[in-house]
Amino acid sequence: MNKSLIAPMPPTKWYDGLAQYQHQGIAHVLATVVAVNGSAPRELQSKMIVTLDDRCDTLGGGSLEHDVTITARQLLNGELDPNESRGFKPLKEGKSEKAQAVRRDAVYTKHYPLGATLAQCCGGSVTVMFECFNVIPPMSLLVFGAGHVAAALMSILAELPCQVDWVDSRPEMFERYLVQESIATDQQKTYQLPAHIRPHIDEDPVDFIQPFVANSMRGASVNPSAKKGTQYFILVMTHDHSLDFDLVRATLDAYVKIGIDSSSLSSLPYLGCISSATKAKRFRDRLLQRDYNEQMVDKLTMPIGLNTGGKEPMAVAISIAAQVLQLYNNL
């Protein structure tokens, strides 16, 4: 089974792109024509969406759209600073991460004389408004186990901007989510789940660990200034204690494999395992007996979730979601 994420085709209409990127928590800019003087490629209130990798819809093509795309991506990267009289300026060195984030959350406008500046034959001018969304990368969660707590957790995550890969070895655990038409036609199975929650049925769940950890480290190195808190979470909550232990060990081994030392431990994905106090002590003792050092073992959170006192599946799911959000928002 292919365990890599296949990116969907970008949408073609701005409103589809806005809905998709908002729902998936992907950083994007909504660019809108807010003023037109003379002849222009598109009419007032025309819109397009720009992400770091894609764009959808159009403001008329040519030099205007090229500059809008570049400007939008510079905004997403925190590379521009507003200036009231002359549009945009490069961000000055030494600006704090907080200052950059504030600027990227703002709304900007930029004036384009189409003939004089962009050499477009229209000859008029337009003003474009840039609105940045989701400039802080969304949470990415790798969840093992599709039992009652995990199912309750998915109902919460369905309403949050995040990416979720949900893994279980038992096909029957996902049957409740199957679209009936895909069963009847024996085609590739489709699920009644939000697009940002992807179920995976696999006999070797451990195989998902290494790529996820590698992606988390790659994401941190590509855009470290955008990192607000913990972005990547590995949640272990399967039906089998032995499998839980194997998944925990595989995660710690992945940390070691990528060469993490004690000074870099804070950049690693969150690793949590559902458990009782007795199970937590047993896991910790077994890991230390297998020569994992204490600093590495301390990266394991057992039991997961804030101490809210409830034991019902939804109560436990709420406590887990609250802890994840607390870490993501660096509270």
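Colleague: In S11, which residue is the bridge partner of serine 140?

Modeller: Tyrosine 232 is the bridge partner of serine 140. Keep in mind that this is a predicted model. S8 and S11 pair in the parallel sense. Five bridges join S8 and S11.

Colleague: In what order do the strands of that open sheet run?

Modeller: The order is S10-S9-S8-S11-S12-S13. That makes six strands in an open sheet, with parallel pairing. Strand S10 (197-201) and strand S13 (300-301) are the edge strands. Each of these two pairs on one side only.

Colleague: And the sheet with antiparallel pairing: which strands form it?

Modeller: Five strands do, in the order S3-S2-S1-S7-S6. This sheet is open too. Its edges are strand S3 (55-56) and strand S6 (107-113). Strand S2 (residues 47-51) runs antiparallel to S3, and two bridges join them. In S3, cysteine 56 is the bridge partner of isoleucine 49.

Colleague: Take threonine 32. Is threonine 32 buried or exposed, and why?

Modeller: Threonine 32 has a relative accessible area of 4%, so it is buried. It is found in strand S1 (residues 28-37). Its side chain makes a polar contact with the side chain of lysine 47, at 3.4 Å. Not counting residues up to four places away in sequence, threonine 32 touches residues including Gln45, Ser46, Thr127 and Met129.

Colleague: Over which ring does the charged end of lysine 47 sit?

Modeller: The ring of tryptophan 14. The charged end lies 5.4 Å from the ring centre.

Colleague: Now the aromatic pairs. How is a pair of aromatic rings described?

Modeller: By the distance of the centres and the angle of the planes. A search of the whole structure finds seven aromatic pairs. One of them joins phenylalanine 212 and tyrosine 232, 5.7 Å centre to centre with 75 degrees between the planes. That pair is edge-to-face. Phenylalanine 212 lies in helix H6 (residues 209-222), and tyrosine 232 in strand S11 (residues 232-236). The two residues are 20 residues apart, and the pair links distant parts of the chain. Phenylalanine 212 and tyrosine 232 are both buried.

Colleague: Why is the pair of phenylalanine 245 and phenylalanine 283 edge-to-face?

Modeller: The planes of phenylalanine 245 and phenylalanine 283 stand at 85 degrees, so the pair is edge-to-face. The cut-off for that class is over 60 degrees. The ring centres of phenylalanine 245 and phenylalanine 283 are 5.2 Å apart. Phenylalanine 245 sits in helix H7 (residues 241-257), and phenylalanine 283 in helix H8 (residues 277-289). They are 38 residues apart. Both phenylalanine 245 and phenylalanine 283 are buried.

Colleague: Which charged end sits over the ring of phenylalanine 245?

Modeller: That of arginine 286, 3.8 Å from the ring centre.

Colleague: Which residues form one aromatic cluster?

Modeller: Trp166, Phe174, Tyr177 and Tyr191.

Colleague: In the largest nonpolar core, which residues touch the most other members?

Modeller: Leu141, Trp166, Leu235, Met237 and Ile320, out of 31 residues. Elements that give two or more residues include strand S8 (139-144), strand S9 (162-168) and helix H10 (313-328). H4 gives the most, with seven residues. Leaving aside its neighbours within four places in sequence, methionine 237 is in contact with residues including Val143, Val149, Leu153, Asp244 and Ile320. Another core lies apart from the largest one. This other core has 30 residues, among them Val213, Met217, Leu247 and Leu268.

Notes: Residues are numbered from 1 along each chain as its sequence is written. This is a predicted model: local features need pLDDT of at least 70, side-chain atom pairs count only at pLDDT 80 or more; totals for chains, interfaces and linings use all residues. Side-chain values use heavy atoms; hydrogens and water are left out. Rings of Phe, Tyr and Trp (its six-membered ring) pair if their centres lie within 6.5 Å; planes under 30 degrees apart count as stacked, over 60 as edge-to-face and the rest as tilted. Helices (H or I, at least four residues) and strands (E, at least two) are DSSP runs, numbered from the N terminus. Buried means under 20% relative accessible area, exposed over 50%, partly exposed in between (1.4 Å probe, protein chains only). A charge sits over a ring if NZ of Lys or CZ of Arg is within 6 Å of the ring centre and within 35 degrees of the ring normal. A polar contact is a pair of N or O atoms within 3.5 Å; within protein, one must be able to donate a hydrogen and the other to accept it, and residues adjacent in sequence count only if both atoms are side-chain atoms. Contact means heavy atoms within 4.5 Å. A nonpolar core is a set of buried Ala, Val, Leu, Ile, Met, Phe, Trp, Tyr and Cys residues joined through side-chain atoms within 4.5 Å. Two strands pair if DSSP finds at least two bridges between them.
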